Amino acid sequence: MIFRILEEQLAQKMKDSKAADERFMQLALTLGRRGLGRTWPNPAVGAVVVKDGVIVGRGWTQPSGRPHAEPIALAQAGEAARGATLYVTLEPCSHVGKSPPCADAVITAGIKRVVSAIDDPNPEVAGQGHAKLRKAGIEVAVGLEAEEAARAHAGHFRRVREHRPQVILKLAVSSDDKIAAAGHKPIAISGDLAKSHMHLLRAQCDAILVGIGTVLSDDPLLTCRLPGMQARSPVRVVLDRALRIPPASRLVHSARGTPLWVVTSELAEAPAATILGASGAHVIRVASTPAGLDVLVVLRELAERGITRLLVEGGARVASSFVAAGLVDEFWLLRAPKKAIGPDGVPALDALPLGAITQSSAFRLRASEDLSSDTLTIYERA
């Protein structure tokens, strides 16, 4: 009887300990997401230091990727870090870069236990951070909330493993799957709540990409226009093989305030590139084909410059080119169920049906949410 009571008490204690670990890791993941869109080329990591069940330190990766989350949380904890547990959403780095190794900071702080969500695939880390901690006598547990951590760090993982950013395709469509009126004439589709969600998504991405057709028809600004978050606007990227972007466009006029990268052919005329450069835009030349710019080549150029999360907003030809190339990792579909445009409207994916994603076995439904007059459905690569 006594042994049974002891076993039940031990089981309850282990259950409570697991629940606490999950709670603190979820907090670390939430903190890390604060840095999305601001930490590139580094991942947006979150860290929490806990001593005797009390949070004594919190941190997340700062803009431009430094300082890292761990030293911020450890500095906040101070002496309370000695003998404490560190929860971190990605393996602490072990190499000397622009910052000292986080693993060394963890060891110096006297942390007793590290709960890490997932290994870092960066060849300069790749398990070496966890190994260094274990060698120093620190208990290390890896794998808690690994799936959510992999999703949070997908851009970092994609850039390390595939030399390209995570691609998030966003489309706002009418009830009949159109994105614009005849002749690519812009038309309001989404409601205010849906627009706010999409501006938040912009703020959580490193860069946003459109084609020259969208620029010529819409003259967009492509910034985050949520109150107080204008500084969180992503890098604006335009695919423009012949450098047709008007110098008087809003994108070019705002290039000194919010970065504008124009990706063009290596054969594009130099005078046009000079004018853009003088306006503050950055011109990126890539090899092109008779069919246009190769989107995979474009992605690799962006990754080379540090971009980890790319939001593709259109138009239809650009969106379909990413789908056809198998380069869409997440698909955010906003549908206005009570608004139809008509048979002359522009199809969402040009010649491809939306089912190329929504009914494809390569994708799975991740979430669905009603946003007042719109429905947001999110698909991710399976």
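Guide: Helix α4 is followed by Gly 137, and the phi of Gly 137 is positive, near 90°. Helices (H or I, at least four residues) and strands (E, at least two) are DSSP runs, numbered from the N terminus. This is a predicted model, where local features need pLDDT of at least 70, side-chain atom pairs count only at pLDDT 80 or more, and totals for chains, interfaces and linings use all residues. Residues are numbered from 1 along each chain as its sequence is written, and side-chain values use heavy atoms, with hydrogens and water left out.

Now the helix itself. α4 covers residues 128-135, and its buried residues are Gly 129, His 130 and Leu 133. Buried means under 20% relative accessible area, exposed over 50%, and partly exposed in between (1.4 Å probe, protein chains only). Down the axis of α4, these buried residues fall within an arc of 95°, so they line one face of the helix. The arc is taken over the directions from the helix axis to the C-beta atoms. An α-helix has 3.6 residues a turn, so residues three or four places apart point the same way. The cover over the buried residues of α4 includes helix α3 (102-109) and strands β4 (113-116) and β5 (139-142). Contact here means heavy atoms within 4.5 Å.

Follow β5 onward. Glu 145 sits in the loop between β5 and α5 (146-152). Its phi is positive, near 55°, though Glu 145 is not a glycine. Glu 145 is partly exposed, at 23% relative accessibility. Ser 64 is another non-glycine with a positive phi, about 70°. Ser 64 lies in the loop between β2 and α2. Its relative accessible area is 46%, and it counts as partly exposed.

That loop, between β2 (54-60) and α2 (69-77), also holds Pro 67. The peptide bond from Arg 66 to Pro 67 is cis, with omega near -5°. The bond from Trp 40 to Pro 41 is cis too, with omega near 10°. Pro 41 is in the loop between α1 (2-33) and β1 (46-51).

Val 238 lies in β9 (residues 235-239). It is buried, with a relative accessible area of 0%. Pro 220 is 18 residues from Val 238 in sequence and 11 Å away in space, C-alpha to C-alpha.

Last, the whole chain. The protein chain has 13 helices and 18 strands. Its radius of gyration is 23 Å, close to the 21 Å that the globule rule gives for 382 residues, so the chain is as compact as a globular protein of that length. That radius is taken over C-alpha atoms, and the rule is 2.2 Å times the number of residues to the power 0.38. The C-alpha trace spans about 80 × 45 × 35 Å along its principal axes. Buried residues make up 49% of the 382 residues. Of contacts between residues at least 6 apart in sequence, 72% join residues at least 24 apart.
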